[in-house]
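These are my notes from a reading of one structure, kept in the order in which I looked things up.

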Amino acid sequence: MRAMILAAGRGERLRPLTDTLPKPLVEVGGKPLIEYHLENLSRAGFREVVINQGHLGERLAATLGDGSRWGIRIHWSVEPPDALETGGGIFQALPQLGSSPFLVVNGDIRTDYPFARLRAVKCDWAHLVMIPNPEHNPAGDFALTGARVRENGEPRLTFSGIGVYHPRIFEGCQAGRFSVVPLLRFAMENHLVTGEIFRGYWNDIGTAERLQAARRKADAPG
């Protein structure tokens with residue numbers, strides 16, 4: 001199984017920090033966010049990782065190199081400066097991700113989710129890792145009913161930004177800027193999205209306030 005880290009976003013809510021630094025290189029605990037993912041993916045047995053790059057992407061590539069220091073091979077998917085959003089970014093990278101299901105993780109989260117668990121997932125079109133709703137998203141995103149993710153229902157949970165996708169979910173798509181969410185909703189309507197709930201450590205570094213909270217947690221003793 002190959003993996004993709006979504007790392008092309010502008011990071012508008014973290015400006016001015018991200019005016020000169022790609023969001024995935026923002027540090028928590030003295031280490032760029034994206035390096036935590038690379039370490040965890042390597043420990044989980046992933047050896048081929050695609051990273052998309054948009055805003056200040058050349059700095060991202062210069063910092064991470066070919067991935068050899070983590071025992072993996074990084075493939076770069078270069079996007080325009082304003083990026084292609086989640087769907088367009090993944091679609092462009094499909095030739096590098098192969099014909100089998102692949103893991104996708106948002107580059108701006110911190111988590112101790114065990115990525116190795118997803119290597120055995122047999123998904124129809126997608127398999128999403130869901131989490132209990134954080135304070136910044138109290139209404140949740142989707143419902144998890146048994147092992148199926150649905151747009152409506154209970155309990156409402158938040159999509160973690162970690163998922164497995166089968167290339168077939170992108171059939172009929174065209175190159176360009178688009179979100180993956182409408183594709184997921186269509187797949188949910190047809191009962192083609194499975195899911196699981198994760199209750200371990202997860203933090204979305206989406207705002208300056210959440211970045212500071214993550215830094216305080218990383219610096220706390222013990």
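Which residues touch the most other members of the largest nonpolar core? Before answering I note that the model is a predicted one. I looked up the core and found that it has 37 residues, of which Leu38, Ile51, Phe115 and Ile162 touch the most other members.

**Entry: what builds the core**

I then listed the elements that give two or more residues to this core, and they are the strands S1 (3-6), S4 (48-53), S6 (102-106), S8 (126-131) and S11 (156-165), together with the helices H1 (33-43), H2 (57-64) and H5 (208-219). H1 gives the most, with four residues. Apart from this core I found another, of 30 residues, which includes Leu97, Phe142, Phe159 and Ile169.

**Entry: helix H1**

Is H1 largely enclosed or left open by the rest of the structure? I found that nine of its eleven residues are buried, so the helix is largely enclosed. The buried residues are Leu33, Ile34, Glu35, Tyr36, His37, Leu38, Asn40, Leu41 and Ser42, a list in which I note Glu35, His37 and Asn40. After H1 comes glycine 45, and its phi is positive, near 95°. I also looked at tyrosine 36, and found arginine 110 lying over the face of its ring, at 3.8 Å from the ring centre.

**Entry: phenylalanine 115 and its surroundings**

I returned to phenylalanine 115, which is buried at 1% relative accessibility because the limit for buried is under 20%. With its neighbours within four places in sequence left aside, phenylalanine 115 is in contact with His37, Asn40, Leu41, Ala44, Phe46, Leu103, Val105 and Ile162. One of these contacts, Phe46, has the charged end of arginine 119 over its ring, 5.0 Å from the ring centre.

I counted five aromatic pairs in the structure. In the pair of tyrosine 113 and phenylalanine 115 the ring centres are 6.1 Å apart and the planes stand at 55°, so I recorded the pair as tilted. Tyrosine 113 is buried as well, at 1% relative accessibility. Together with Phe198, Tyr113 and Phe115 form one aromatic cluster.

**Entry: helix H4**

Which residues of H4 are buried? I found Leu183, Leu184, Ala187 and Met188. Seen down the axis of H4, these buried residues fall within an arc of 140°, so they line one face of the helix. When I looked for what covers the buried residues of H4, I found that the cover includes S8, S9 (142-145), S10, S11 and S12.

**Entry: backbone features**

Just after H4 I came to histidine 191, whose phi is positive, at about 60°. Histidine 191 sits in the loop between H4 (181-189) and strand S12 (193-197), and at 46% relative accessibility it counts as partly exposed.

I looked next at glutamate 85, which has a positive phi of about 65° although it is not a glycine. Glutamate 85 belongs to helix H3, residues 85-97, and at 36% relative accessibility it is partly exposed.

Where is the cis peptide bond that I noted at proline 155? It runs from glutamate 154 to proline 155, with omega near -5°. Proline 155 lies in the loop between strand S10 (148-150) and S11.

Is glutamine 53 buried or exposed? I found glutamine 53 in strand S4, and it counts as buried because its relative accessible area of 10% is under the limit of 20%. Leaving aside neighbours within four places in sequence, I listed Ala8, Glu58, Leu60, Ala61, Trp76, Ser77, Val78 and Glu79 as the residues in contact with glutamine 53.

The other residue is asparagine 137, which I found in the loop between S8 and S9. Asparagine 137 has 19% relative accessibility and so counts as buried, where the limit is under 20%. Its side chain is joined to that of threonine 158 by a polar contact of 2.9 Å.

Definitions and conventions:
Residues are numbered from 1 along each chain as its sequence is written. This is a predicted model: local features need pLDDT of at least 70, side-chain atom pairs count only at pLDDT 80 or more; totals for chains, interfaces and linings use all residues. Side-chain values use heavy atoms; hydrogens and water are left out. A nonpolar core is a set of buried Ala, Val, Leu, Ile, Met, Phe, Trp, Tyr and Cys residues joined through side-chain atoms within 4.5 Å. Buried means under 20% relative accessible area, exposed over 50%, partly exposed in between (1.4 Å probe, protein chains only). Contact means heavy atoms within 4.5 Å. Rings of Phe, Tyr and Trp (its six-membered ring) pair if their centres lie within 6.5 Å; planes under 30 degrees apart count as stacked, over 60 as edge-to-face and the rest as tilted. A charge sits over a ring if NZ of Lys or CZ of Arg is within 6 Å of the ring centre and within 35 degrees of the ring normal. The arc is that of the directions from the helix axis to the C-beta atoms. A polar contact is a pair of N or O atoms within 3.5 Å; within protein, one must be able to donate a hydrogen and the other to accept it, and residues adjacent in sequence count only if both atoms are side-chain atoms.
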